[in-house]
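Please keep the sequence and the structure in view while reading.

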Amino acid sequence: MPRPSALPSGCRIRQFHANGATVAQHGRACNAPARKDAEMIIARSLLLTTALALPLPAAADLTPEGLWQDWQDRAADAGRDLTAEVEQGAALTLRGLTLSRPVGDGLLTARFERMDLAQDGPGVRLTLPGGQQVTLTATTETEGTNVATFRLGDGALTAMATGDAAAPDYALSAPALSATLVSLVQDGTEVDADMRADLTGLAGTLSGLSGGSAPLVADLTADALATEVSVRDPATGSEVRNTASQQDVALRADLSGAGGGWSLVGRLESRDGSSVSLQQGPDGMLETDSRQDTSRIALTLTDLRADYSAALTGFATTVTSSMMPMGPVSLAMAAADLTLSVPTAPTAELQTARIALDLTDATADEAVWQMFDPNGAFPRDPAQLRLVAEADIDMVAPNPALAGPDAEPAAAPRALRIDTFSLDLAGASLSGEGAFRFPEGPGGVPDLAQPVGEASLRASGLSGLMQQAMTGGIMSAEQMMGAQMMLGMFAVQGEGDSFTSRIEAREGGALFVNGNQLR
């Protein structure tokens with residue numbers, strides 16, 4: 001069977017080899033339409049090959065010049081002033097880099113001697129060289145001008161700016177970074193002070209520095225952080241000195257929103273922390289030496305509330321004072337947890353404040369016990385404390401005409417609820433709960449002296465505790481008898497060494513205990 005022809009009549013075919021492939025090419029005898037199709041295919045192939053072969057620049061690549069201009073533009077938009085002497089070379093060098101911003105009725109200024117911006121692939125590498133001075137100046141109408149000058153150590157701080165040119169992210173790095181106070185001047189008078197901070201193994205990221213709707217996020221870690229601060233008063237010879245160190249430090253902060261809808265969420269964690277605080281002068285000396293295995297501090301701030309939490313494990317502190325004749329005393333606890341939530345601005349409705357406190361296995365050394373139990377009558381069992389309470393708060397906006405324009409809102413408590421209270425100490429325990437409200441007094445102010453509500457209390461081991469106190473010579477027989485009579489008036493004895501008590505506060509100031517009116 002004859003093969004059908006795929007070419008128009010009269011076409012000739014030539015073959016040639018290119019890159020190992022055999023290509024058919026029409027001869028000149030082919031008709032014009034076929035030749036135009038072939039030319040179109042070839043042209044498109046050439047364009048595609050060129051597009052793939054040429055190294056075209058990315059539209060969003062960062063440049064040192066573009067980044068510096070963007071910083072200046074955004075500073076101007078925010079009402080701040082950012083200036084520097086610019087030197088163009090292998091890197092864009094900013095000398096005398098100065099940022100000024102209004103704060104209240106004054107001006108805050110930070111000045112760096114030098115910063116380098118260099119192209120590094122699609123990003124820009126920022127370098128803050130070591131050995132330079134950094135000057136912070138704060139000027140206000142009321143406090144005059146305060147100037148703090150620091151010198152950086154030999155290590156440099158670097159940051160790699162990458163991502164979108166309009167909103168770059170910054171990756172920070174510093175194997176070793178230190179800052180030492182050179183001078184501190186308050187309103188023209190030099191302060192006799194020393195200050196130093198050392199940071200090792202700094203790494204992390206910063207994002208959202210370009211403003212806009214994106215949140216400002218800092219996620220940083222460091223192998224170790226150490227600080228030293230000392231301030232002396234030549235007129236009196238007094239001195240305050242503080243040193244602190246932490247290992248495996250992690251900081252996370254997230255600032256979002258603006259105006260009336262902002263929020264700040266932060267968390268700081270570390271381990272193997274230690275601090276020493278010393279105050280000494282003509283009146284004596286006081287020193288505290290504290291350590292903890294781990295620590296965590298977290299906060300959430302909004303335009304309406306402030307939430308705080310702090311947690312420690314393996315905490316121990318020793319207090320030494322020239323005013324304590326018994327010598328150093330030490331306290332320790334396995335764990336401590338505190339959470340606090342409070343309103344910060346007025347609203348149309350009542351707001352709630354909350355507190356929760358947990359102290360686990362709190363102990364005191366023998367020097368503390370000797371102050372009130374020299375004969376060892378009480379057991380030295382670790383103490384436990386737990387408190388959970390909340391209050392209804394009316395945040396009252398101040399009257400600017402009476403309190404001034406900078407006055408803070410006043411907190412007026414309207415009710416108090418104790419959800420949990422428990423204390424275990426020296427072999428005895430006390431627990432309870434209660435709820436009270438505070439009626440309005442003169443001028444609509446809550447009358448805290450005449451609450452209305454009730455509380456229930458439970459105790460165990462009180463009789464045994466009093467017996468031990470008498471045996472150890474802490475309490476005489478007559479004192480013990482009086483204490484037992486008071487206990488009988490305010491408590492109802494249950495099974496064994498246990499007691500309960502119900503306290504009622506009624507309208508008009510009446511007070512009832514276990515149904516008996518005492519006031």
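The model is predicted. On its surface, Tyr308, Leu338, Leu340 and Ile355 make a nonpolar patch of about 300 Å². One of these residues, isoleucine 355, belongs to strand E19, which covers residues 351-364.

**The chain as a whole**

The secondary structure of the protein chain consists of 6 helices and 27 strands. The chain has 519 residues, and 26% of them count as buried. It exposes about 30600 Å², and carbon and sulfur atoms supply 59% of that area. Taking contacts between residues at least 6 apart in sequence, 51% join residues at least 24 apart.

**Nonpolar cores**

The largest nonpolar core has 24 residues, and those touching the most other members are Leu67, Trp68, Trp71, Leu117 and Leu126. Two or more residues of this core come from each of helix H2 (64-77), strand E4 (92-103), strand E5 (106-120), strand E6 (123-128), strand E9 (157-162) and E10. Another core lies apart from it and has 6 residues, including Ala148, Leu181, Leu184 and Val191.

What does tryptophan 71 touch, not counting residues up to four places away in sequence? Its contacts are Leu82, Leu94, Met115, Leu117, Leu126 and Tyr170.

**Salt bridges**

Side chains of opposite charge can pair when their charged atoms come close. A search of the whole structure finds 26 salt bridges. The table lists some of them.

| Aspartate 373 | Arginine 380 | 2.6 Å |

In the pair of aspartate 373 and arginine 380, the aspartate is buried, because its relative accessible area is 0%. Arginine 380, at 29% relative accessibility, counts as partly exposed.

With a relative accessible area of 22%, arginine 417 is partly exposed. Glutamate 390 has 19%, so it is buried; the limit for buried is under 20%. Both residues also belong to a network of salt bridges that links Arg354, Glu390, Asp392 and Arg417.

Glutamate 433 is partly exposed at 31% relative accessibility, and arginine 458 is partly exposed at 34%.

The loop between strand E22 (428-437) and strand E23 (452-460) holds glutamate 440. Is glutamate 440 buried or exposed? It is exposed, because its relative accessible area is 59%. Leaving out residues up to four places away in sequence, glutamate 440 touches Arg414, Val445 and Pro446. Glutamate 440 and arginine 414 are 26 residues apart along the chain, and their C-alpha atoms are separated by 8.4 Å.

**Backbone angles**

Most residues other than glycine have a negative phi. Aspartate 187, which is not a glycine, has a positive phi of about 50°. It is found in the loop between strand E10 (169-186) and strand E11 (189-190). Aspartate 187 counts as exposed, because its relative accessibility is 53%.

Aspartate 272 also has a positive phi, near 50°. It is found in strand E15 (residues 263-281), and it is partly exposed with a relative accessible area of 38%. Aspartate 272 is among the residues touched by glutamine 292, along with Gly273, Ser274, Leu312, Thr313, Gly314 and Phe315, if residues up to four places away in sequence are not counted. Glutamine 292 lies in strand E16 (residues 284-302) and is buried, because its relative accessibility is 16%.

**Serine 501**

Serine 501 is found in strand E25 (residues 498-505). It counts as buried, because its relative accessibility is 10%. Its side chain reaches the backbone oxygen of phenylalanine 490 at 2.5 Å. Beyond its neighbours within four places in sequence, serine 501 is in contact with residues including Ala455, Leu457, Phe490 and Val513.

Technical notes: Residues numbered from 1 in each chain as written. Predicted model: local features only at pLDDT ≥ 70, side-chain atom pairs only at ≥ 80, totals over all residues. Heavy atoms only, no water. Patch = residues over 30% accessible without salt bridge, like charges linked within 9 Å, V, L, I, M, F, W, Y side chains within 5 Å. Areas by Shrake-Rupley, 256 points an atom, 1.4 Å probe, with all protein chains shown as cover. Salt bridge = Lys/Arg side-chain N within 4 Å of Asp/Glu carboxyl O. Helix = DSSP H or I, 4+ residues; strand = E, 2+ residues; numbered from the N terminus. Buried < 20%, exposed > 50% of the residue type's maximum accessible area, 1.4 Å probe, protein only. Contact = heavy atoms within 4.5 Å. Polar contact = N/O pair within 3.5 Å; in protein donor to acceptor, adjacent residues only side chain to side chain. Core = buried A, V, L, I, M, F, W, Y, C linked by side-chain atoms within 4.5 Å.
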